Amino acid sequence: MKIRKLATFAAAMAISISAAEAKTPNLKILSESTTGWVQNFNPWVGGRQSKDMVYEPLVVFNQIDSLKPHYFLATSYSLSNDLKALTVNLRKGVKWSDGEDFNADDVVFTFTYPKSHPEIDGAGITSKVSKAEKVDDHTVKLHLKTANAFAANDLLGVSNLIIPEHIWSKIDKPAQESNKNPVGTGPFTEIQRFTPQVYVQCKNPNYWNPDVKVSCLEFPQYSSNDAALELMAKGETDWNGIFIPDVDKTFVAKNENNKYWFPSSDGVRITMNFETKNDGAKEAFSSVNFRKAFNLSMDRDAMMMIGAYGYVTGDNPASNMPKSLWNWRDDKADAMWSKLYRYDIKAAKAELKAGGFKDVDGDGFVENPTGSKLTFKVQVPSGWTDWVNNASIAVEGLRAAGIDANVVTPEAAAYAKTWETGDFDACFCGGSLQSSVWKFYDYTLHSRNNMSPQWWSSSMMNYSNEALDKMIEDMGATPDEAEQQRLASQIEQHVAENVIQVPLYYNGVWYSYNDSRFTGFYSEENPQAHPAPWENYNRLIHIQAIKPRM
């Protein structure tokens, strides 16, 4: 009798919980523009941004406080004294969404599988890890190819999502796998509905973290910022990562629950592709005088005040490092850079003249010193209105200096595809947020990332310099903080002296929310982590704080 009563009580509780979850609204997220969703949750290549709600990393490093790790599939880690082995202790009691146990075999597999499939090794595991060793079911030892004091930030974070061995070991062509119904350890693994216009991703029935109270995520499709703004202004979405022009008027005033917080993010830059297939542009980009002229032609104040509505700030160093890493700035590098981080068309023309650039055919635009034609295009994603406007301001400055440049606006997917092929001239793009200064330098300046599909990496410019690569490598190889600072200064000075890119201003974190259905959103008063709903930032931390009002 007692057993029957307990069973009846348990069934009643399950029905009650199920009914409560059924009444919970979907958390509607706008963070990725597209002309139509494609059902693909491939964790290695392409795939929906929401794949990081399916597959978790070992650790998430806080983008606001890079010293603070948030443990997910790992519970702790330690680096050997020689900086060549990283031991990771794994969380116990975790299951994959299909009920299989998560253990060390899955982590070893994640760090081994790309070695036989180099086409999926976007994180460069093969070049960094010589061996992934299972110590026991919940301990893994990663043996590094080179000593690296910053190995944890590089290997354990969101760039390496952990994959189930029992699923992917059976897949021979991982880059071509669409993975329509994924199996993961993350909070939202169940694809409840999928159409080109909207998809709904619901709670993992076996999720280990009870702090996640949201039942389902909903991703409405939108093709431009204007289309997104229409949804947001009406309060039809909850969590947004979209630029909003005149935010108080066009968003806040439209609904009493519409709110925003625009903290500083990565540095916006224009990069010249040093390996462009445009021979005239390639010749020009190789000239330091031309690169100086390019920088002097940028009306950064107009970009910040007009294109970005005054929501952003400047004072970028030559390396374009985010403000969270400014303690690594170098006074000597900044003194060199300050002569170029300004708007001065007269000085730009003088640099062109000093470099041998002159208008040979009388059309108002200079030719290269060899007499070859110089014209190039700056690519910027269509629909990214603030960037499109600011790319136009940039090109206006270049043309005023006598440089024949134009704007081209491919869709975001096509824009990103060119980085792997090198088939573009110049890029209006971002500069990356990373969990350590070494990882920032390695990702945005080291030539190992040239011609890769990684967002905001060195493939945006394909600059190669052996001395710079060695400085970055040496910085990772020493635990001595004074030596790290010395090498950081050398790196900053190299970038300032050689003028290898065009830093503009700091992007805002375009984060807004409507709290009529959910609470707990991060804000200026509650700045716990990077707040935007973008892939691979801090949204796995943020989702734990968001709760339905019911």
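This is a predicted model: local features need pLDDT of at least 70, side-chain atom pairs count only at pLDDT 80 or more; totals for chains, interfaces and linings use all residues.
Local features are reported only at pLDDT of at least 70 and side-chain atom pairs only at pLDDT 80 or more, whereas totals for chains, interfaces and linings use all residues. Residues are numbered from 1 along each chain as its sequence is written, and side-chain values rest on heavy atoms, with hydrogens and water left out.

The secondary structure of the chain comprises 18 helices and 20 strands, taken as DSSP runs (H or I of at least four residues for helices, E of at least two for strands) and numbered from the N terminus. The radius of gyration is 25 Å, close to the 24 Å given by the globule rule for 550 residues, so the chain is as compact as a globular protein of that length; the radius is taken over C-alpha atoms, and the rule is 2.2 Å times the number of residues to the power 0.38. Along its principal axes, the C-alpha trace spans about 100 × 60 × 40 Å. Of the 550 residues, 56% are buried, where buried denotes under 20% relative accessible area, exposed over 50% and partly exposed the range in between (1.4 Å probe, protein chains only).

In soluble globular proteins, nonpolar side chains tend to be buried together. The largest nonpolar core in this chain has 149 residues, and Leu-58, Phe-290 and Phe-376 have the most contacts inside it; such a core is a set of buried Ala, Val, Leu, Ile, Met, Phe, Trp, Tyr and Cys residues joined through side-chain atoms within 4.5 Å. Helix 13 (residues 385–401) gives the most to this core, with 7 residues. A second, separate core of 10 residues includes Trp-44, Tyr-55, Ile-163 and Ile-171.

Asp-106, in helix 2 (residues 104–116), is buried, with a relative accessible area of 3%. Beyond neighbours up to four places away in sequence, Asp-106 is in contact (heavy atoms within 4.5 Å) with several residues, including Trp-96, Ile-163 and His-166. Asp-106 and Glu-165 are 59 residues apart in sequence, yet their C-alpha atoms are 5.0 Å apart in space.

Positive phi values in residues other than glycine occur at Asp-315, near 70°, and at Asn-462, about 55°. Asp-315 lies in the loop between helix 10 (300–307) and helix 11 (331–337) and is partly exposed, at 44% relative accessible area. Asn-462, in the loop between helix 15 (437–445) and helix 16 (466–476), is buried at 1% relative accessibility.
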